[in-house]
Amino acid sequence: MKKFLIGGALAAVSAAVFAQYPTRPVTIIVPFTAGGPTDKVARDLAEALRKPLGGTIIIENVGGAGGTLGAAKVAKAAPDGYTLLLHHIGMATSPALYRSLPYKTMEDFEYLGLVNEVPMTLIGRPTLPANNYAELVKWLESNKGKVNLANAGLGAASHLCGLLLQSTMKSDMTTVPYKGTAPAMNDILGGQVDIMCDQTTNTSGQIEAGKVKAFAVTTTQRLTTPALSKLPTLDESGLKGFNVTIWHGLYAPKGTPAAVLEKVNASLRTALKDADFVKRQEALGAVVVTDSRVGSAEHKKFVQAEIDKWTPVIKAAGQYAD
């Protein structure tokens, strides 16, 4: 009887402690270096989360291995709500890109909700003899084996979009990987490579300035931003069902107490409605998530669907990060 009484008392104390969460700083792990797009999203989110969560939030950058080192650190962290993960689409593509992953994506994390989605655009060098998507398709068909498709490196958003584009179009292009978006964009601008599919955060300025040819956006709905509002979607242009966004989600280690998960999710929902946060995301070309994927169950379901979408594309390409 005493064992049961002691156990019940400890459980009550534990529940009371977690009900007061957080009582010390919360760390959000960003699995990439400081200054990049995901780091920017994390810092903006931390600012919006501080008030509803009621505590200090620290950003820690743990870059390397395409984001898997940072994700692994969170998977192995104490499940107490004081170590969280802000990760992008790599959460869904790493299981295919890495044949040996130090964690199980669908089993080792608690899913706290999606944060935002960043659309992508299909662009080309300024001297490309095509002015719209229909003309681009004709040009691609007449230049089979000669087209260069740039990307920012293995596993980058532009690499993933390029893989799906080739698979959907049933087109075989020469992939030219770079060490980052900047050098890839420089060669697009200079005409050394032909086309690239990359995030609006990287392409909007060049499109607006008329320095590249812009053919389409990768979302199923047209975008409303002035520089991109006239671009058709790839879906309406003939690639039915084509939909690629670079999304970010928030995670905790598996086994984090329900009371903590509920507090973080409630705080996240409030943060995503913060006017300053929304404005900052719009400036990045991102769309803040407001649908059911802000919830744990739908977030997890969405990631599984993304894994199912990307795994066959990556495996068919035979391009691995390890």
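Predicted model: local features only at pLDDT ≥ 70, side-chain atom pairs only at ≥ 80, totals over all residues.
## Ground rules

A residue is buried here if its relative accessible area is under 20%, exposed if over 50%, and partly exposed in between, using a 1.4 Å probe and protein chains only.

Residues are numbered from 1 along each chain as its sequence is written, and side-chain values use heavy atoms, leaving out hydrogens and water. Helices (H or I, at least four residues) and strands (E, at least two) are DSSP runs, numbered from the N terminus.

## Aromatic pairs

Rings of Phe, Tyr and Trp (its six-membered ring) pair if their centres lie within 6.5 Å; planes under 30 degrees apart are stacked, over 60 edge-to-face, and the rest tilted. That rule gives five aromatic pairs. Take Y21 and Y82: the ring centres are 5.1 Å apart and the planes sit at 65 degrees, so this pair is edge-to-face. It ties together distant parts of the chain, 61 residues apart, with Y21 in the loop between helix 1 (2-19) and strand 1 (26-30) and Y82 in the loop between helix 3 (68-75) and strand 3 (83-87). Both Y21 and Y82 are buried.

Y111 and Y251 also pair edge-to-face, at 5.1 Å centre to centre with 80 degrees between the planes. Y251 is buried, with a relative accessible area of 0%. Y111 and Y251 belong to one aromatic cluster along with Y103 and F109.

A charge sits over a ring if NZ of Lys or CZ of Arg is within 6 Å of the ring centre and within 35 degrees of the ring normal. The charged end of R24 does that with Y82, 3.8 Å from the ring centre. R293 lies over the face of F302, at 4.9 Å from the ring centre.

Back at Y21, a cis peptide bond joins this residue to P22, with omega about 0 degrees. P22 lies in the loop between helix 1 and strand 1.

## Helices and their neighbours

Helix 2 (residues 37-53) and helix 10 (residues 275-283) pack at about 170 degrees with their axes 9 Å apart; axes are lines fitted to C-alpha atoms, for helices over the stretch in contact, and angles run from 0 to 180 degrees between N-to-C directions. That makes the two helices roughly antiparallel (over 145 degrees; under 35 is roughly parallel, 65 to 115 roughly perpendicular, the rest oblique). V41, D44, L45, E47 and A48 of helix 2 meet F277, R280 and Q281 of helix 10, where contact means heavy atoms within 4.5 Å.

In helix 8 (residues 200-208), the buried residues are T200, T203, S204, Q206 and I207. Their cover includes strand 4, helix 7 (181-190), strand 7 (195-199) and strand 8 (213-217).

## Helix 6 and what follows

Q166 lies in helix 6 (residues 157-169) and is buried at 11% relative accessible area. K170, in the loop between helix 6 and strand 6 (174-177), is exposed at 77%. Phi of K170 is near 55 degrees, a positive value in a residue other than glycine.
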